[in-house]
Amino acid sequence: MTKEYLILKRLLSSLLILFLVITLVFVLIRISPGDPTQKYISPKLSSQLAEEVRKSYGLDEPITIQYLNFIKNIFTGDFGISYEYRIPVLKVILEFLPVTLMLAFLSITMQLLLGYFTALFSVRRKNSLIDRLIRKSSVILYVTPGFVLGLILVFIFAVQFEIFPSSGFKSFYYDELTFIGRIKDIAAHLILPLLTLSIPGAALFYNYFRDGIEDVMNKDFVLYLKANGFSDKIIFRKHILPNSLKPILSVAGIELGFLLSGTLVTEVIFSLPGMGRLMMSSILSRDFPLVIACAFISALFIIISNFVFDLIKVKIDRRIWKEILS
Amino acid sequence: MRLKFHFILLLLLLISASCEKEQFKDTSRVVIAIQSEPETLNPIYAFGLNEGVITDHLFLYLLDLKWNENKGDVEAFPMLAEKWQWNSDSTSIDIYLRNDAKWSDGKTVSAYDVVYSFDIYSDQQVQSRFYGMFKNFYHFENGEVDLEKTFAVKDSFHLIINFLPDKVISLFDLAFPVIPKHIYENINRSEIQTAEINFNPIINGAYKLKKWERNQFIILEANRECFLYDDEMIKEIIFKVTPDYNSALTQLKKGEIDFTEDIRPSDAKQLSNQKNLKLASVKGRQYDYVGWNNIDGKYFSETKKVKPHKFFGDKKVRQALSYAINRKEILSQYLLNYGSLCNSPISEIFVNEFDSSLTGFEYNPDKAKVLLREAGWADKNRNGILEKGNTEFLFTLHIPSGNPLREYAATVIKNNLKQVGIEVKVEKLEFGVLMDGLLNRKLDAWILAWFIPLPNELKSYWYSDLTQTQLNFAGYQSAEADKIILELEKKHSKEDYIKLMKKFQQIISEDQPVTFLYWFDNIVSYNKRIKNITINPFGAIQRIWEWRLEN
């Protein structure tokens, strides 16, 4: 089997997964109780209004017809109009995506860097007091729920020391700031959410990095390389690190996918306009087109991020490309 | 070393950012926390509370309605209409508009805009939030206002509005925001819902839209062209989306937010001790109740006929349940007395109509047991649960998830009813699922709140014909109450109207279609630097153009 064939196969299976995801979400949301026109039921409103709105959403048609129309529209790239925002759903998503993308990429980078450098620091001081302390703390940080960590950070840095703003993505006076001021403004707003998102993940990666590096360091080939006079730096960079990365990259792929799907708790605590909040509010208001589009985007991100990290794995170790791509 | 350098650099940058922030603090701004983002700034579709609040500051009404607490009623003051004159039998009104009201694009607000607004609001195709609310106007079968019969435009600033002669006309019949004809007439009516104008409106109100950052904040700035403008007005009002309650409280204490609503009673005391904050309450607009399905919901759904519910179809049982529930305990323990006991759906804010002689059903488990026995319920097999024939008295009480007050109330109610031999299972449902259950009459019992509309409205909630009244979730059936509800739709003297309202309260209190629990306050907290705030049953956030900032 050629590499191209395997890539094509992976691409087709990804498309199938996407199709199944949106079909499943479509069916689940339609069979679950609740109706997007519930908000039109009020003593002040005419009872006919809800009926009129249902008709205009096409919800009076049989579910099979609705599904066929939906699939037909999807193929033309039309996810429909959001019931809540009254604009095309893709336009709504585009308004929420930048925050999520920024948070996700910055957070995964922070998690990997923090995890890596702490692991390195720890491995060099193996079994020392500080190593034991970091290992124990990493478990505590990993199991700390996001909302607890977020509130603690807000209390310390926003309430007590007033260093960072406690919520939002930018200040009200953002437009009045200079270019540098704007960058600083966004950075100041993002630090606490980033820490909330990244600290548990960094603790996880710390353990993966530490165990991976330690495991590979104890392998016979490392001893053999040392005996052959290779420097510690080269052995580490060229042999130990690449060999310890495989499980980390798999986890990183999944983690990035989740981050890109939205980080609800952090977005709610810090009032950030991200995909997590969008998806949650669309589910609660039964905004069917928006729910499906959010699910589609999330699934797409998870597939892409896994694929990208798989490609990185292949880049590091070419022997595994068949295993990975199939 | 390099790492340390970068860290110090970052710290310096952030410190300088916080210094830059100081220079913007002086601006005349007020930040109001809102839980969710408005979907639109178009008054046609402002279905949500927040949308209503914001659009009320962007678009002016014909009349300025103010709540008079002493009278328990609204009073009209000039707004777009500078004067008006009712005819002798109140079937027609002459309205004289101001000639200095301007749209934000410079055009003058005219009588044609007023007529066009009613035309749009009543159009079936537009699906406006006011659709179906023009029954007192001359209208067609589909609810659209008959413009020819209703309106006579004398000139750009003078028009006459004619009402149907047999209807009870109130000031609320004129309480609609006026929208710009010259903008809307260029948009296909079926496309208004998705038009750009929903997000970037042409306004005539005290404030105009400055900036809308999706799901973050909306900034309104004082509209210098509006006749309501004066130099003392707060220059910028920021509605900040703050979905997390705890985060809103933190920001309020820190001074990042100046105003927030829906404070939990347990936090109110702590906030009242804050030097920079003040507390206030909107009273008498919302009450909690335990809904008992008076009819067999399944049977009704299948046949559209009414059959009494096996537990709650009997008035004596409902009365017993009300006696068995300790409402005072919930009011004092959870609500910390930020509210009052509720005995009927008429609030004491309606000073004249409210029947203060009703004492309601005071907690009395012994009386509850007697009533249940009279209704045929007894614990014959001594298992602690009452039976009637082969039916044991056990049911599920549904509550919406994520509401601590109702969770507390449900626990108290469960324990109270256990004492009289009734087994209750409490189940939390997501709000949409709960509503689905109620609309399809699938639920036996539930706890919910009603937010009472102004003007008062009874038919939607309590009229027996369930095909007409979706909101009569309890399926309440009473010929006597129906007669009064229909009578209230006719013209009456003020005295007769009050008599009818009091009679209605006595009937519904006796029937206990639901157990009326308590009126609960909307507790508001705001920064002391804001002065001249009006908080009354009309709401907490209103008439912001009258707010002032302390120097």
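Select residues 92-97 of chain B, strand β5, together with β4(B) in this predicted model. The two strands run antiparallel and are joined by five bridges. Now show side chains for two of the pairs. Trp84(B) has Ile95(B) of β5(B) as its bridge partner. Ala81(B) stands opposite Leu97(B), also in β5(B).

Next, look at the connection. β4(B) and β5(B) form a hairpin, with five residues between them. Pick Ser90(B) in the turn: its phi is positive, about 55°.

Four strands make an open sheet in the order β4-β5-β7-β6 of chain B, and the pairing is antiparallel. Colour 81-86 and 151-155 of chain B, which are β4 and β6. Both stand at the edges with a single partner strand each, so one side of each has no neighbour in the sheet. Neighbouring strands here are turned by 20° against each other on average, direction ignored.

Which strands pair in the parallel sense over two bridges? Select 394-400 and 445-451 of chain B: these are β17 and β19. Leu397(B) has Ala445(B) in β19(B) as its bridge partner.

Move to chain A and select 89-124, helix α4. Its 36 residues reach 51 Å from the first C-alpha to the last, close to the 52 Å expected at 1.5 Å a residue. Zoom in on Phe96(A), where α4(A) has a kink of about 40°.

Finish where the chains meet. Here 47 residues of chain A are in contact with 46 residues of chain B. Elements giving two or more residues to the chain A side include α4, α6 (146-160) and α7 (179-217) of chain A. Which element gives the largest share of that side? Select α2(A), which supplies six residues. Colour the chain A side by residue type: 23 are nonpolar, 12 polar and 12 charged.

Methods: Residues are numbered from 1 along each chain as its sequence is written. Chains are lettered from A and ligands numbered from 1 in the order in which they are written. This is a predicted model: local features need pLDDT of at least 70, side-chain atom pairs count only at pLDDT 80 or more; totals for chains, interfaces and linings use all residues. Two strands pair if DSSP finds at least two bridges between them. Axes are lines fitted to C-alpha atoms, for helices over the stretch in contact, and angles run from 0 to 180 degrees between N-to-C directions. The expected span of a helix is 1.5 Å times one less than its number of residues. The bend at a residue is the angle between axes fitted to the seven residues ending there and the seven starting there. Two residues are in contact if their C-beta atoms, placed from the backbone, lie within 7 Å. Ala, Val, Leu, Ile, Met, Phe, Trp, Tyr, Cys and Pro count as nonpolar, Asp, Glu, Lys and Arg as charged, and the others, Gly among them, as polar.
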